[in-house]
Amino acid sequence: MNWKGGADLSGVGAAAVVSGLVDHSFRDAGGRFAVVSGRAGDGEGMDVVGDGGPGGLPLTLWGKFSARLGLAYPLLFHLLDSAVVAGELWDRMLSPAQRVVIAQGLGLGEAAARAVAMLAAGLHDLGKATRFQACEPGAWALVSERFKRDVGSWRVMRHERASMHVGLHVLGSWGYRLEGNDSPAVRIAQVLGGHHGRFLQLDVRGAAGWERVEHELGGPLWQETRLRYAWQVRRLTGAREVPSRVPVEVAVLLEGLVQLADRLVSQPHVWMPRALVPRGGALDHWMAARSPSPDAPDGWAAQVVSEAGLESVELPPRPFTEIHAGVHEPSVVQASVMEKLPGRVMQDGAGILVVGDGTGTGKSAVAWEAANIFNRHTGTRGCTLLQPTTAIADAAYDAMISMVSAHRPDRAPVALVHSHPWLSAAYLDARLARADRQVTVDEYCDDDRDGDGGVEQSGRPERKVTVPAAFLAGFDRALLAPFVVATLDQALMAVLHTRHAALRMLALSGRTVIIDEAHAHSAYMRGLLCRLVHWLAATGSSVIVLSATLRDQDARRLVHAYLTGAGHPPAELAGRDWSVPYPGWLFVPARRPAPLRMSDRERQLHSAATRRTFRARLVPVAYPAGAAEPGHGLREMTARLLRCVEQDGGCAVVSEATVEEAQATYQHLKNALRWQDARREVVLLHARLPGHQREALIRRLRTELGPRGPRPHRLVVVTTSLLDMSLDLDADVMISHLAVMETLLQRAGRLWRFEQRWEQGTRPRPRPPWAHAPLLHVLTPVDEQTLVVPGSWGRADEDYLLRATAAHLDALTAPTGPSSPAEGAPAARARTFGQIILPDHVPALLDAVHAAPAPDAGAPRYDAAGHAAHLARQQYLAELARTQLIPAPLRTGSLADLTRRHVHAGQAPTRETLPPARLLPCYRQNTGDLTLDPAGRVPLPCGSALRPPQVRSILERTVPAPWEWVAQGHPPPVPDGWRTHPLLADLVLLTARMPEALPVRFGTHLLSMDAELGLIHRTGPSG
């Protein structure tokens, strides 16, 4: 049979195509849907070629409608638009690696697999040719009377489920195997039903049985029209080959592609102009979407994809020193990866690379070079960098912008994705106006609205090669950008029962995914991370894991998860050595799991070149359990230790365990040190400051304490944990509360971080006279010489690790005589400083703290019960993670198993704790008006059409707080115009009455805002 499909029409005129096909007919395997010469509608047959011409198929059924403009767009054209755009996404956005995974999974060549992807996109809304047509009265009025007379006994059914039920039988009639959950007809039908973000259960012999479909979805005319639409889509896409199988991971990628194509063509500025042009037949419409024009040289569909910023990018090669500014030559680790990795990758393909090295030694540059190697030799494209916190992601975003720009590409969008990107310059007002609702346009009728009340416009907000297009403004869509910096939570949603998880997996697959600060996660998040790595391997991605303090057993778990995802049975991997040299790297390819490591000689050379020694000591401080001010001794000790900074200058970081202790220490230091410019020289930084205030402080510190300065004469930063990881900062001295060993080592990485770099270049300012070596003071709360872990720290699962850390640090030091006033420790013995050498001591310290305590180690260190409780807690968190995860691909029966729970992105359990509430401090003036400032000069923006600057002015003042603080209260409702806004609807108003501005009571919790201290929390009797 001579079949001319979508791939063959681009260079042929419509008349020629019709003349070449007019004599051919198609017949399904079972004979139910015969396709013969003649007109459709008499129940005897259908002329597929004739249906493609003008007037061949009915166009009064609508696929898109604007109630405000009374503008309808034919359903058939929407289906064809989705199919042709899916083809362009295949060509322009999917990486070669993704195309190979899909084609091999389907058992087809790439051209045939592309056609199947287009077919799925073209059939996704076939279920709109049902009672759905009557859901919008204005559009229903445009439907022809023939259809209205033939409704039969139809019933209401969501159109995505109708698409699945109808598509199942259409696919079966084309020869797609229709049996159990894993049969191609069932899997592709579930892809059709999942285009709104959730896979649906398919009951082949029940609700989806042919008799039910025939009875419930309209009369014979509706059935015939759906079939004729489907045949036309199949004919034009050229999807004549039938896949022999559809693996789960392939179905997920196809689902993501269908969702994306639907979103693109559902944009009002995309379909509305096409709704206004004269209507021809299906073939003319198809050809017009593919044909070049003065406005779209590559065709309309290609322009839609290009304007959305979805084209894959291959960066031009550039010298190492040009990409990484300020680096004169690669380090030993960097040179080792650049020399050894390419040959192995060219031989064995994609894989997992684990890099363990000290803080500040250039792991990010290692990852970037390795990503380029993977992309160059394995068919992956682009890069996604995952960070543990938003502050670190913001810093990494700036670094990625610099590296991408150094390659000098023509166009390479870089997106920032986390829970509040509006605080970053990356989240421009032009993007804020299109804040993502986490739903497709299909889910509301008046779909031509944007922030201005008019038709949404496309294009770049700025002429800058790294600025994402407007389409990439949404949280899940932003992951589709060629280069992405995101928090790990955004990626973990791809392996949770989250709506649109398939779109996230499509975005992550087929590229290099870098997991930075891999140690900085709980056992719960590590469980989720292993499942994510497993899926990434199954979908053709390479993974790079970076950490300065990742335990070897956690690294081995990640490698094992990746290799099982690549298809290796666990029994095959048992007993293999996946240990990671420290410092150094390990690479294991997916195809042949034979490890490649950095050599011992290279490791020794690198250790010698990057070796840093810091001095640490425990400072026991009285912390009586029943004291009225339990943290007073710690604050007094901090003030004593900072007398040297007061006298001779210098830069110090004070890291407290809680926000409340940081606030108290900040106030105490200002009063005790009495510096002339204390507001400038003592800085308080924690998570409960308003967003714009916190962002400005972090950027200030990144500048002043960064490698190029300007370094201030004197600065003390009082913080919690925001500066622990990945922020390129240098301090002369660090004062920290007792923390687990990994955290203390990370904090030590901020000590004299740039010393070796400055010895080779320009030093912004000399170290103060007292700074002879990097010093880490660990303030340890004790009650009569016994270590106590304050309940206010709220980390019961870390109690054992805190005690073990203290015990091992204690072993490094010895008691001395009375201390000097600058280093004294009231109510406790002073200690000498013990030396810790980086990177040499790191593995041994981590292993010692986490290993089971030995009975002969002495009573103070031997805590078998505490160790057992700690392990039990870790096991509980790991099991909790398993209850939240989607199954692995090989353990998935029905695709519906991937979305059993109806979870939106804002509800996704990416952490074991509830996400914080977002409080908006505002003030009730005497006039009754609400304002954003105490003085009453900034009114609270209200109304249903807020401008982007107004939305930003609200969001940047929000403060996170635990939900239990506000759960007992009855805050005033948000303004009516906010209730449907995706970023404002869930805000909690913290309304203080002026002029007193007394704390706001929520049950036993009293909350107030302070201009310097941020959100203040106290408890008291219930009012």
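**A walk from His500 through the model**

Some ground rules before we go on. This is a predicted model, in which local features need pLDDT of at least 70 and side-chain atom pairs count only at pLDDT 80 or more, while totals for chains, interfaces and linings use all residues. Residues are numbered from 1 along each chain as its sequence is written, and side-chain values use heavy atoms, with hydrogens and water left out.

Back to His500. Its phi is near 65°, a positive value in a residue other than glycine. Most residues other than glycine have a negative phi, and most peptide bonds are trans. His500 is found in the loop between helix H22 (488–492) and H23. When I say helix or strand, I mean DSSP runs numbered from the N terminus: helices are H or I with at least four residues, strands are E with at least two.

What comes after that loop? Helix H23 covers residues 501–508, and eight of its eight residues are buried. Among them are Ala501, Ala502, Arg504 and Met505. H23 is followed by Gly510, whose phi is positive, near 70°.

Glu517 also has a positive phi, near 50°, in a residue other than glycine. You will find Glu517 in the loop between strand S7 (512–515) and helix H24 (523–538), and at 7% relative accessibility this residue counts as buried.

Now, the cavities. How many cavities of 30 Å³ or more does a search of the whole structure find? The search finds seven. For the method, we take a 1 Å grid over the protein atoms alone; a cavity is a set of points where a 1.4 Å probe fits but cannot get out, and lining residues have an atom within 4 Å of a point. Grid points are joined across faces, edges and corners, and a volume is the space filled by probe spheres set on the points.

The largest cavity holds about 140 Å³ of space. It is lined by 18 residues, and the closest to its centre are Met93, Gln98, Arg381, Leu480 and Arg511. That lining divides into nine nonpolar, six polar and three charged residues. In this scheme Ala, Val, Leu, Ile, Met, Phe, Trp, Tyr, Cys and Pro count as nonpolar, Asp, Glu, Lys and Arg as charged, and the others, Gly among them, as polar.

The second largest cavity has about 110 Å³ of space. Of its 17 lining residues, Phe199, Val252, Ala501, Ala502 and Leu898 are the closest to the centre. Our helix H23 returns here: H23 and helix H12 (248–265) are the elements that give two or more residues to this lining. By class, the lining of the second largest cavity has 10 nonpolar, five polar and two charged residues.

On to the sheet. Eight strands form an open sheet in the order S5-S6-S4-S7-S8-S3-S9-S10, with mixed pairing. Two strands pair if DSSP finds at least two bridges between them. At the edges, strand S5 (414–417) and strand S10 (596–597) each pair on one side only. S5 and strand S6 (residues 483–487) run parallel and are joined by four bridges; for Ala415, the bridge partner in S6 is Val484.

There are cis peptide bonds to look at, too. The bond from Tyr582 to Pro583 is cis, with omega near -10°, and Pro583 lies in the loop between helix H26 (570–573) and strand S9 (584–589). The bond from Met994 to Pro995 is also cis, with omega near 10°.

Finally, the rings. The whole structure has 11 aromatic pairs. One of them is Trp174 with Trp231, edge-to-face at 5.6 Å centre to centre and 75° between the planes. Rings of Phe, Tyr and Trp (its six-membered ring) pair if their centres lie within 6.5 Å; planes under 30 degrees apart count as stacked, over 60 as edge-to-face and the rest as tilted. Trp174 and Trp231 sit 57 residues apart in the chain, and both are buried.

Technical notes
Buried < 20%, exposed > 50% of the residue type's maximum accessible area, 1.4 Å probe, protein only. 1 Å grid on protein atoms, 1.4 Å probe; cavity = no way out; pocket = protein on both sides within 12 Å on 5 of 7 lines; lining within 4 Å.
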